[in-house]
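Hello,

Here is the structure I promised to pass on. Have a look at it first, and then read my notes below.

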Amino acid sequence: MMLLAGEIGEAPAAPCCPESGDERKSMEEKSDINVAASVGSEQVSEGTDDDLPSYVSAFIEKEVGNDLKSLKKLDKLIEQMTESKVKLEEEVLTVSSEIPKRIQSALKNAEESKQSLNQFLEQETHLFSSISSHLLTAQPWMDDLGAMISQIEEIERHLAYLKWISQIEELSDNIQQYLMTNNVPEAASTLVAMTQLDIKLQESSCAHLLGFMRATVKFWHKILKDKLTSDFEEILTQLHWPFITPPQSQAVGVSRPASSPELYGNLETLFCQLLKLQTSDELLTEPEQLPEKYCLPASPAIILPIQVMLTPLQKRFRYHFRGNRQTNVISKPEWYLAQVLMWIGNHTQFLDEKIQPILDKAGSAVNARLEFSRGLMMLVLEKLASDIPCLLYDDNLFCHLVDEVLLFERELHSAHGYPGTFASCMHILSEETCFQRWLTVERKFALQKMDSMLSSEVAWVSQYKDITDVDEMKVPDCAETFMTLLLVITDRYKNLPMASRKLQFLELQKDLVDDFRIRLTQVMKEETRAPLGFRYCAILNAVNYILVVLADWADNVFFLQLQQAALEVLAESNTLSKLQLGQLASMESSVFDDMVSLLERLKHDMLARQVDHAFREVKDAAKLYKKERWLSLPSQSEQAVMSLSSSACPFLLTLRDRLLQLEQQLCFSLFKMFWQMLVEKLDVYLYQEVILANHFNEGGAAQLQFDMTRNLFPLFSHYCKRPENYFKHVKEACVVLNLNVGSALLLKDVLQSASGQPPATAALNEVGIYKLAQRDVEILLNLRTNWPNTGR
């Protein structure tokens, strides 16, 4: 055992490498830890620690233990340990011998690298010196060469400049030659090529060249335009253009005699030649535009041949509707508006049949009729822009102008197909000052109209009162007139080009609805003493009609588009919560929601007041019925025929009269709500004040059931199929009170023995009790007096 321990203890003290020297020893000390790790033996690296004895003891305890027979293993263990020691010594020797060789190799490589670097540095110094010397030598050559290149570039620029001038002059000479030989089509084509060159040169900084090019284009453009315009106007004159007379008298202009084909051939030729000058005309001519405050949509210039065709009409328009002419009356805008519409109508056939085919053949996408209308429309816009400031503060003249402009716009779009994307009169009316004045005037006249309609003698009478099929809503004249007013306002502003302007008009409409609601409320308060009267009912019908119309408008595409526009405005201004924005975006709400909620509240309040008033009258008439001697009435077998209780007649007559009265005065939906609300109150009243407040013998219970089922319920049979379902308390109370004695005793026993249990509910359902609670049924059973002595 001691021998084993000694061998184990010697393992860390491995023999040193046979090589000697301080460098080797230092290297060996630095690599002890790495060597120990590389051989993977923790026992060796820790051999010199203080824990070695305990480690040896643990090892022997593990291998031998208390079993003496295991001592036979000692030889084998010693042999194994000896082999392990030899292996470790060999590994240590191997590692100790390889590391110096690697270090030596690394040092050698570093030395070689250093030598190579020094060589490169020497070469770099030599090359730098050579390059610097070469640059000094070549600098004069570079200076001379740079000067020559600059001269060459300048000469090339001059040459290019001269080429451009030569090209321009060549094109100019060609145009001149074509004109001298009267070859106008080729001259026009050459001018188009010259114009294209002008457009290409726009980015050049050669101001003089650009000026020369533009002057040349302008020179030939004017000559060609004047010549072609003169010839074109001559052809138009032969065709009796413009057509001042109505279409019925245009036979001369549309169908000519035998020379007509040649004439129309010349018309086509000149039209196409003028069309070629369009590019140069747009390049040279600044289009006349109205100030930016009118926000007119961008549009191309009117094509040159149509401009020529418009010239005589423009002269006529300016002659008659400018200056001090008798036809230029500021209070008569309909004169010039009607004149423009007439001109468009007079020339439509000619433009469609003669001019449009020419454009199609030339490959142009222009619509001749719309182009002609657009040109005339600019005359109207200029006239409006100059006239409006003069009559802005005269309400009557301004309102008349707006009315005429709206009529003009309607006919222009509907009869002549003028697109909404083109510049129109609505752009002029949308200008800030004019628009605010329009809003003010619109509000003023709307309020005046409201005053007039509410003060009318027939304000609360339906226009269709004598026509049953039409008068289902029983709408008073003032409400129908008011909603017609709102509809007219919508028609007036729906074609405005900007959504923001439409939203301002929408706010005006909402303000008017609110104002009308307030006026109705004021009139209603004057009628509160007679809530069942004709005028009160008419007011309620008016409120209901406005609600129905607003609900219909909420689903209208136009107002849905306005809702989307309002959503975008509110999202930008952050004035609504995310929930409200979400409701608007999902179309859960509408632009009229605020008004609808206020009107709904007013309708509900008025209906509730009517129901309360009618209920009070019925209740007053039922006082005798409450005091009926239910306890002592004869049984059904003692009477030959059952008849209505005399005390029930007053309240049933009152109820019938009120139902008939309101059926005639309220529209169907309101009357339905009225009688259902009244029935609800009446059911509770009869149950609590008549039934629960009395005791009933057999005859009293039978009489009550007869009064209810044969007299009260049938009053409502005109309005629903099963009126008894609206009197659940009364109906079921009658069932309980009229159960035969056996069934009543059995039900009473079940209720007492199964309080609150399912059997009780089943028993109640079996006899037809669904509304009343178990406790209520027990109370009703106790109100019966026809119990046998044994049962009591």
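**What I found**

Lys-222 and Asp-226 sit 4 residues apart in helix H8, about one turn of the helix. (Helices are DSSP runs of H or I with at least four residues, numbered from the N terminus.) Lys-222 forms a salt bridge with Asp-226, their closest N and O atoms being 2.9 Å apart; the term stands for a side-chain nitrogen of Lys or Arg within 4 Å of a carboxyl oxygen of Asp or Glu. The structure holds 28 salt bridges.

Some background before going on: this is a predicted model, in which local features need pLDDT of at least 70 and side-chain atom pairs count only at pLDDT 80 or more, while totals for chains, interfaces and linings use all residues. Residues are numbered from 1 along each chain as its sequence is written, and side-chain values use heavy atoms, with hydrogens and water left out.

Helix H8 also holds Leu-210. Leaving aside neighbours within four places in sequence, Leu-210 is in contact (heavy atoms within 4.5 Å) with Leu-201, Gln-202 and Ser-204. The C-alpha atoms of Leu-210 and Ile-199 are separated by 9.8 Å, and these two residues are 11 apart along the chain.

Two loops are worth a look. Asn-182 is in the loop between H6 and helix H7 (184-200); Asn-182 is not a glycine, yet has a positive phi of about 60 degrees. For comparison, most residues other than glycine have a negative phi, and most peptide bonds are trans.

Now to a pair of helices. The axes of helix H26 (residues 668-691) and helix H28 (residues 728-737) come within 7 Å and cross at roughly 40 degrees, the axes being lines fitted to C-alpha atoms over the stretch in contact, with angles from 0 to 180 degrees between N-to-C directions. On the H26 side, Asp-683, Leu-686, Tyr-687 and Ile-691 meet Lys-728, His-729, Val-730, Ala-733 and Leu-737 in H28.

Best wishes
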